[in-house]
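Welcome! Here is a short briefing to read alongside the structure below.

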Amino acid sequence: MNKSRRGYAPLAALVLVGASAVSTAAFAQTMPADVAASFAKAVVAHDWAAAAIYVTDRSRADFLSLMGLGDRLKKSRDDLQAAMDQKFKRQPARGSQANAPADAVLAAEVAAQREISPTVVELDMRLSTTRPIDPAPIVTWRALQTAGEWKIELPACASPEAATPLKQHLQAALDIHLKVAGSISRGEFASAADARTALIGAQRAAFSRPTPMRQP
Amino acid sequence: MRPWPRLLQSLAWLAGGLLAALGPAAHTHADTVGVQKTIMPFVAQSTFIAASDFSFWSCFPATCDNVVFDDTGVGPRSAGEPALADGQIRVGFKHFYDSGTRPCNCWVYSAEAYRGTALFRTRDLPHHFKSATLVLTATTSNTSDPNAKTPFLAIFRQDFVPYPLAIGDVQFDPATGRTTANLQHLGLFAIAPVDTDLGPPFIPGKIVETGPFSFRLDVTALANGWLQDWPKRNLTPLHGFTLVGFDESLPNQSNNALQVTYAVTLEFDIDDPDF
């Protein structure tokens, strides 16, 4: 679990070509919850190529792109932390929430499903995480039936309009991390605190968003 | 030489010595008429309350793009905040909320509220003064409200009784359950924690705004009271103020801020020389 699958996108494409030949028969009789469970299993295993088989055709490219960016951002965060620890002779943080984004999902199971229409079903997926959260986080996916097959449509990949801003932000966050890491290696910061202030300040400047009226 | 003048001279020396030991002449210099005396806080401390939470899995399996938390786990609250220098306090609130990117919002919030306390030593006060002014000079400010005038809702008095530090042997008798301590006081004093039971707000005299978020507050009456308390200077050697900010509610979906860092001093206009 959590092995890096960077560079697997071409392989994923090959797998998709092969998989598409058999997928019609394989999915014709499956239920939305079964497809969601299979997709979740592949995602938890960090196997994007296998997971991509279960997503809708039109969102597949966005799905792979987002997963790839997420992997690169996670690696850049880890690398930056390691660079700070090494440069400023700090002990790596342990047990703090600073590691929260690196936490992992151990399992995702269908907690509820709602039929929106004969071809659209909403699925609430309950997540089990490495650091237990009470109540367990719930994310909502959609299963769409097209050509007799049920496929998963993630909210972030439902349309290019939905995926684009998230991809842009992930890319921007990635660029900021790489830039700060470069500054650390060039000795441009006097302390780890200075480096972190620069990192957070740059992100906040890039991601300044209006506050929506929404209860977390 | 006759003994009488010599006795008077000796008595005068003795009186002078007693005054030096017990009275205001403990100061090493005399305050001068028509000048100002500025004293720094002996204690300047800022305490904060904070809350934070996040939902990093709202977008699962996609990665959230939120600003990562800082080492404190409190959230990205420290970005751009300089460390407090000697004599500085911070007061006010700062709220951060990021809903993440739609349609699957990974939200994160952090909220903090600072109180600033400045305490002055009684022994640093001049003995005769015409006026005492609490000077609050804003060194940095962070506000989301362009019309904000002050980051603090109220000012409260603080009077501190220190407790002496001691070392010694402690014996416990299990038969009687009695603990016997043989303490030796070190002549050092620890400062009691900031009093959280603030009581009624302190109402200063004249208030003059000297710049954005900067003020001069007339505290003559209160400082005179401290001086009247001079005989107890070793019991209550610290007096001062706690500034409480406008909002200590720690909301979970706000991006507002009204927080100021102050350099704090106490200024006296001297009206009479020391004896």
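What follows is a short tour by topic, from the chains to their sheet, helices and cores.

This is a predicted model, in which local features need pLDDT of at least 70 and side-chain atom pairs count only at pLDDT 80 or more, while totals for chains, interfaces and linings use all residues. Residues are numbered from 1 along each chain as its sequence is written, and chains are lettered from A and ligands numbered from 1 in the order in which they are written.

**The two chains**

- Chain A has six helices and four strands; helices (H or I, at least four residues) and strands (E, at least two) are DSSP runs, numbered from the N terminus.
- Along its sequence, chain A reads α-α-α-α-β-β-β-β-α-α.
- Chain B holds two helices and 12 strands, in the order α-β-β-β-β-β-β-β-β-β-β-α-β-β from the N terminus on.
- Buried residues make up 31% of the 216 residues in chain A, and 33% of the 275 residues in chain B. A residue is buried if 20 or more other C-beta atoms lie within 10 Å of its own, exposed if 12 or fewer, and partly exposed in between, with C-beta atoms placed from the backbone.
- Of the contacts in chain B between residues at least 6 apart in sequence, 83% join residues at least 24 apart. Two residues are in contact if their C-beta atoms, placed from the backbone, lie within 7 Å.

**The sheet of chain A**

- Four strands of chain A make an open, antiparallel sheet in the order β1-β2-β3-β4; strands pair if DSSP finds at least two bridges between them.
- At the edges sit β1 (105-117) and β4 (149-153) of chain A, each pairing on one side only.
- Strands β2 (residues 120-129) and β3 (residues 138-146) of chain A are joined by seven bridges, and A:E122 stands opposite A:R142 in β3(A).
- Helix α2 (residues 32-44) of chain A lies across β1, β2, β3 and β4 of chain A, at about 155° to β1(A). Such angles run from 0 to 180 degrees between N-to-C directions, using axes fitted to C-alpha atoms, for helices over the stretch in contact.

- α4(A) has 28 residues and reaches 40 Å from its first C-alpha to its last, close to the 40 Å expected at 1.5 Å a residue. The expected span is 1.5 Å times one less than the number of residues.
- Buried residues of α4(A) include A:L66, A:L73 and A:L80; after the helix comes A:K89, with a positive phi near 55°.
- α5(A) has 26 residues and spans 37 Å between its first and last C-alpha, close to the expected 38 Å.
- The buried residues of α5(A), among them A:A162, A:L166 and A:L170, pack against α4 (60-87) and α6 (192-206) of chain A.
- Just after α5(A), A:G187 has a positive phi of about 70°.

**The nonpolar cores**

- The largest nonpolar core has 63 residues, of which A:A36, A:L66, A:I152 and A:A156 touch the most other members. Such a core is a set of buried Ala, Val, Leu, Ile, Met, Phe, Trp, Tyr and Cys residues joined through C-beta atoms within 7 Å.
- Helix α5 (residues 160-185) of chain A gives the most to this core, with nine residues.
- Beyond its neighbours within four places in sequence, A:A156 contacts residues of chain A including A:L66 and A:L166, and also B:C59, B:A62, B:P103 and B:C104.
- A second, separate core of 34 residues includes B:V91, B:F93, B:L119 and B:I270.
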